[in-house]
Amino acid sequence: MRCSGLSACAAVLLILLPGGTPGSEVMGAVDEGDAVVVEYSAGRESWQAIALRDTAPGKPTIRRHLLIVDTSASQVGYVRSAALKLVDDIANHLPAGNQVQLAVVDSLCQPLTDGFVSPQSAEFSQARRRLSSRTPLGATNLRLALDHVLSVAGGQPMSVCFIGDGVTALHVLTKEEIREVTDRMAASRVSVHWIVTGPIASSVVPSALAGRTGGTVVSLESELPDGRAVVASLQIQPTRIESVSAGGQEIPVINECSWLRPDVHTVLFSGDRHVAKEPLTATLADGRTVTWKAAVSRPGGAEVRVLSERFAETGGVVHPAASLQLLGKAADEFQTLMDRSVRVARRLQRMGREGASLAVIRQAAALDPQNDEVAAVLTSLDSSETAGGDDSADDRLTEDDVIDGSLEDVSARLRRRTQKMVHTTETTIDEARRYAAEQPEYAESLLKDLLATVEATTDIADDVRVQLRARIASAIGQVQRRREEREAVRERQAVRRAVEEAQANLLAEEARQEKDLQTIIDQVRGLLYRASQGDTNSYEDAETAARIAIELKPGNGPATQALMMAEASGQLDKARRLRELRADRFLEALYQVELSHVPFPDEPPVQYPPTDVWRALTLTRKPKYSSLALQSQSKTEEWLNRMLSEPIPLLDYPGEASLDEILSFLADYYTETWGSVGGGTGSDYRMTIWPDFQILSEEAIDSLEDVTVQDIVLEGITLKTALKLIFERTDPELTYIIQDDVVKITTAEVANSDEYLDTRIYPVGDLVIPATPPAGGAGGFGRGGAGGAFGGAGGAFGGAGGGFGGIGGGAFSVPPEWNALLEAGEGGITNAVLKKKRTR
């Protein structure tokens, strides 16, 4: 029959598929070395759990991260607050250059950012606010989240960080689905990390995904994990293990897909031979070979065998211990299972149910045959069974009993059996009622076991059987109703907490907006006060701030009033300043009118400089106002630029001629004729024609001999003009640039690009700076007055202080030597100008 001892089998599954809150080496566990071998032996057989960690330090090579936060109904209260804080901590510690996408999963999977963005960007901050305002509802569909991961993988290295309880209620993942998804992730270089949170958490799926993609599992227990450590794990690219050998001989491991990381141990299961004292060597997929000279040997329990067998049964998909810390926790839970099995077996033995007790203890012995306490209970039960049989045989009525015994003996034995069954039923129902409040599943299991026992027992009265069956069915119904009520209460509490949290978030958001609005209104008030003290630009700043307040909370009364006040004050200030400016300009205009009526004498008359003076002024302005190039040139490049202005010899190429022939002739001519000019003693210059074949090859030009031109007959023009005419007849159109001391031949498109354009500076001071009135007099262009612009003693163009003439000079005075030549006559000025030109 089934009994309460079968709950031990459920506990076995909890060990084989780790649940609850497992630890992780990422949390900062004690370092036991880079290689640890946990070994368990039974007879001639042995099983090993080999925990390996990369000896090379991890380098941050992954810069794309996907954060997926569980927002189902279970993620409320302190769990939600911790998840939000953890998201902020991860984003704050991600270095520059990393990109992150934030997504949520419940019944749907929804990304909150458009692709991958910087964690310091405004888009990520907005996504973080949307995450805070999202109400946790519904159940989790993890399959949609995994599909989203595969859709954004893109072939580049990426880490995925899940923050949730690891329970998928809407779609239970099969081992085939886990295998298919993780294989695709591994091919796309995606590693899955999981931070397990929630009141009812499970690490079954997280361990499977992390173990097969090279990620880590962290449990949210008493405190949040360190954000720096989490970010460091997310940035490390794991390396796939191809094979493991001990002492030069390869070890057959069960793991079909295992990865090596420098921050956490990878657990491999093997049942081949002893490897603790031999050097371990792992061959990795990136070509490296990692050797551990001395592994730390540690004895293990029967959990190593059980975990190894369970791992093999699932084909290496369901990883029971993805890290060394999970392996240690599994060992503790396995020992707890053994202790509980012993207690259950002894309790059943005291109740007189030796058969059920024997079934439980035999299951425990099958898991751990070397457990002393299990062996002691099993020996006690075997002895009892040998001495007097089991409990069901003590009072069982057989055909021999009926023949040999009297009717009274049969009736007495039937009554004893009935009373014993009634007592067992009452005891079990009472026990089930005690457990119904906290463990309704366990209570229901006890009652169903009891019902199966009553149905299977044949030596009790039929009316008693009916009564017991009815009582047990009623108790089962009460437990089921109790469980349903408990689930309903839990669901209502979760909904109430979610609603309260949403309301609290709304109130907090409203309070934050009010605080921000008050700050902006105070800023507008301060700017208006500053503007009233003379800083007129503050009116515009106040209006800008008021508009920000309107955008923050449209229709808000104080914000609207602040905007109207800033606009009205600014406009009134502008109107006042315009009126004052109009009045000032009006008075200035009246002053100029009155000033124009002041007469001035017409002596001496206005005198204009002769033609040669104007010519001399023009010649002096040319070098002054010529362009200036920012790029520096070598001596050879300056010589090549001068050669462009020199005349060419006769170019007589009628018909079709090669471009290489023409350019070579010109280069030789200018090298021989002008090569020793302009560089000083001993300096020789050479004109070199350099085809830029890197560019010309794109136009299918491999040699200048392949480029032909038609009818080139030129003489007496400058080299610059000749080259322009020659290149206009090429197909495609070519041109030249002077660069790197050579004449480089390239395409016109490349030569006209920004890379080859020179930046030049032209002086335009006399165009943008207004000319100041000459100091020679007060008059402008009027005829009267002592200092007119063109006349009078202090005029700009005439008189002793004239601008263009006279001894003293003015705003546009000529050089003193030209004044002397001006007194000598026009011929002297002309000769001086020509001499000046020749000597330049």
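Select Leu-517, Ile-521, Val-524 and Leu-528 in H16; these residues meet Pro-558, Ala-559, Ala-562, Met-565, Ala-566 and Ser-569 in H18. Contact here means heavy atoms within 4.5 Å. The residues of this contact divide into 9 nonpolar, 1 polar and no charged. Ala, Val, Leu, Ile, Met, Phe, Trp, Tyr, Cys and Pro count as nonpolar, Asp, Glu, Lys and Arg as charged, and the others, Gly among them, as polar.

This is a predicted model: local features need pLDDT of at least 70, side-chain atom pairs count only at pLDDT 80 or more, and totals for chains, interfaces and linings use all residues. Residues are numbered from 1 along each chain as its sequence is written, and side-chain values use heavy atoms, with hydrogens and water left out.

Now show both helices whole: H16 is residues 462–532 and H18 is residues 557–596. Helices (H or I, at least four residues) and strands (E, at least two) are DSSP runs, numbered from the N terminus. The axes of H16 and H18 come within 10 Å and cross at roughly 20 degrees. That makes H16 roughly parallel to H18. Axes are lines fitted to C-alpha atoms, for helices over the stretch in contact, and angles run from 0 to 180 degrees between N-to-C directions. Angles under 35 degrees count as roughly parallel, over 145 as roughly antiparallel, 65 to 115 as roughly perpendicular and the rest as oblique. The crossing of H16 and H18 is left-handed (the near helix is turned anticlockwise from the far one by less than a right angle; clockwise would be right-handed).

Next stop: a sheet. Which order do its 6 strands take? The order is E5-E4-E3-E6-E7-E8, in an open sheet with mixed pairing. Two strands pair if DSSP finds at least two bridges between them. Strand E5 (109–111) and strand E8 (217–219) are the edges, each pairing on one side only. Neighbouring strands here are turned by 20 degrees against each other on average, direction ignored.

Zoom in on E3 (residues 64–70) and E4 (residues 99–105). They pair in the parallel sense over 7 bridges. Pick Arg-64: its bridge partner in E4 is Gln-99.

Move on to another open sheet, with 3 strands in the order E18-E21-E20 and mixed pairing. E18 (689–691) and E20 (734–739) stand at the edges with a single partner strand each, so one side of each has no neighbour in the sheet. Neighbouring strands in this sheet are turned by 35 degrees against each other on average, direction ignored. E20 and E21 (residues 742–747) run antiparallel, joined by 6 bridges. Select Thr-735; its partner in E21 is Thr-746. Helix H20 (residues 635–643) packs on the sheet, touching E20 and E21, and its direction makes about 140 degrees with that of E20.

Last, some backbone details. Most residues other than glycine have a negative phi, and most peptide bonds are trans. Go to Asp-731 and Pro-732: a cis peptide bond joins them, with omega about 0 degrees. Pro-732 lies in the loop between H23 (719–727) and E20.

Select Asp-740, in the loop between E20 and E21. Its phi is near 55 degrees, a positive value. Asp-740 is exposed, at 54% relative accessible area. Finish at Asp-711 in strand E19 (residues 708–714). Phi of Asp-711 is also positive, near 55 degrees. At 45% relative accessibility, Asp-711 is partly exposed. Buried means under 20% relative accessible area, exposed over 50%, partly exposed in between (1.4 Å probe, protein chains only).
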